[in-house]
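Thanks for coming. I will go through one protein structure this morning, a piece at a time. Please have a look at it first.

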Amino acid sequence: MSIDLTPWLAAVPAAAADAIAAARNALIACHENPDADTLGAALGVAAIIERHGGRATLISTDPVPTLYDFLSGMDRFASDPEEGADYDLLVVCDCGALDRLGGVLERHKALFERLPRVLVDHHASNTEGGARDWVDPDAAATCELVVLLAAKLGVPLDTAAGAMAAALMAGIVMDTSTFAHPNTTPRTLAVSAALVAAGAPLSDISRRLYRSKPDAQLRLFGRVLDRLEVTNGGRVIHSYLTDADLTATGTEPSHSEGLIDLLAQSETADVAILFKEAGPEATRVSVRTKPGGVDATVLTGAFGGGGHARAAGATITAPLAEARRRFLAEADRLADAVQRPAQA
């Protein structure tokens, strides 16, 4: 069975598709602290380029989390480009801002500035706009866009014995919480149906990403949830994670995946916030908001971050305690500005 994606292929920019199809030696980059969407999109773009006779090098500043070890191809990611390689195209996947590439951007700034670039992304806060870039905030995941790119260029989704379809499905599952988030659209479902038809094991991917966790990770969740707090009459819920929590539970930073979504399940809170210690002078913040309430991009944008209206993040150059104080003050201010429904 095949799923017809023709109704959505006009959305694929010709400039981006042509550049990717013509690449002979592409460098494909993920954002720092990589998740399933940036990794899956990168693997999908690599498969497209290789199907067209090109070569692809995959890079990620940070190591691929062990959570994704079950997906074929995750061992392809290196921390830096190959020395002396004659790259002819840079493809950046799922980066709301180029500085999210992390340390690899600073280490190879001249190379990144020299190469022609295609940016494929779905973050509403993205202000990049090169001639070949494709930024579509209506997409639930960057992997959704890569599926359409593959279809536009005639690349079967079952390429690489189904590994391509599985990687792309993982990105969509992660960014929609298995189609539970309001970013899921008819196009998202059609693209996902096409991936399932190509062999993507949807049920297994969903189980591994959302319903299967090491005991150590559950202990980490317990520590963080045990210290949750609420402000603004329950409209803002928040908690924090420290390096000491990781040490005490024997976990790594990637094991915090899913914590913010648990906080966002609060019945009363309009805004859910998770603070993560990122060294002595930096704090990462993840935000989820409910429809009709605070725009998460406005809240995180006040601190140089971005993302989507209902899910966004930022990195604050401040210790955990100071970052919490400053960020919560702004969250409370924005929550106050949202009109509450009249009481019956």
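**Rings, sheets and cysteines**

I start with a charge and a ring: Arg-227 lies over the face of Tyr-240, at 4.4 Å from the ring centre. A charge counts as over a ring if NZ of Lys or CZ of Arg is within 6 Å of the ring centre and within 35 degrees of the ring normal.

Before going on, the ground rules. This is a predicted model, in which local features need pLDDT of at least 70 and side-chain atom pairs count only at pLDDT 80 or more, while totals for chains, interfaces and linings use all residues. Residues are numbered from 1 along each chain as its sequence is written, and side-chain values use heavy atoms, with hydrogens and water left out.

Now the overall picture. The protein has 13 helices and 11 strands; these are DSSP runs numbered from the N terminus, helices being H or I with at least four residues and strands E with at least two. With 344 residues, a compact globule would have a radius of gyration near 20 Å, and the protein agrees, at 20 Å. That radius is taken over C-alpha atoms, and the globule rule is 2.2 Å times the number of residues to the power 0.38. Of the 344 residues, 53% are buried, where buried means under 20% relative accessible area, exposed over 50% and partly exposed in between, with a 1.4 Å probe and protein chains only.

Next, aromatic rings. How many aromatic pairs does a search of the whole structure find? It finds two. Rings of Phe, Tyr and Trp (its six-membered ring) pair if their centres lie within 6.5 Å; planes under 30 degrees apart are stacked, over 60 edge-to-face, and the rest tilted. The planes of Phe-275 and Phe-327 are at 90 degrees, with ring centres 5.8 Å apart, so this pair is edge-to-face. Phe-275 is in strand 8 and Phe-327 in helix 13, 52 residues apart. Phe-303 and Phe-327 make a tilted pair, 4.9 Å centre to centre with 40 degrees between the planes. Phe-303 is in the loop between helix 12 and strand 10, so its pair with Phe-327 ties together parts 24 residues apart in sequence.

Six strands form an open sheet with mixed pairing, in the order 6-7-8-9-11-10. Two strands pair if DSSP finds at least two bridges between them. Strand 6 and strand 10 are the edges, each pairing on one side only.

Is strand 4 enclosed or open? Five of its five residues are buried, so strand 4 is largely enclosed by the rest of the structure. Arg-117, Leu-119 and Asp-121 point one way from strand 4, and Val-118 and Val-120 the other way.

Last, cysteines. The search finds zero disulfides, a disulfide being a pair of cysteine sulfur atoms within 2.5 Å. For Cys-30, the nearest cysteine sulfur is that of Cys-93, 6.2 Å away. The sulfur of Cys-143 is 8.3 Å from its closest cysteine sulfur, in Cys-93, which is too far for a bond. Cys-30 is buried at 1% relative accessible area, and Cys-143 is buried at 0%.
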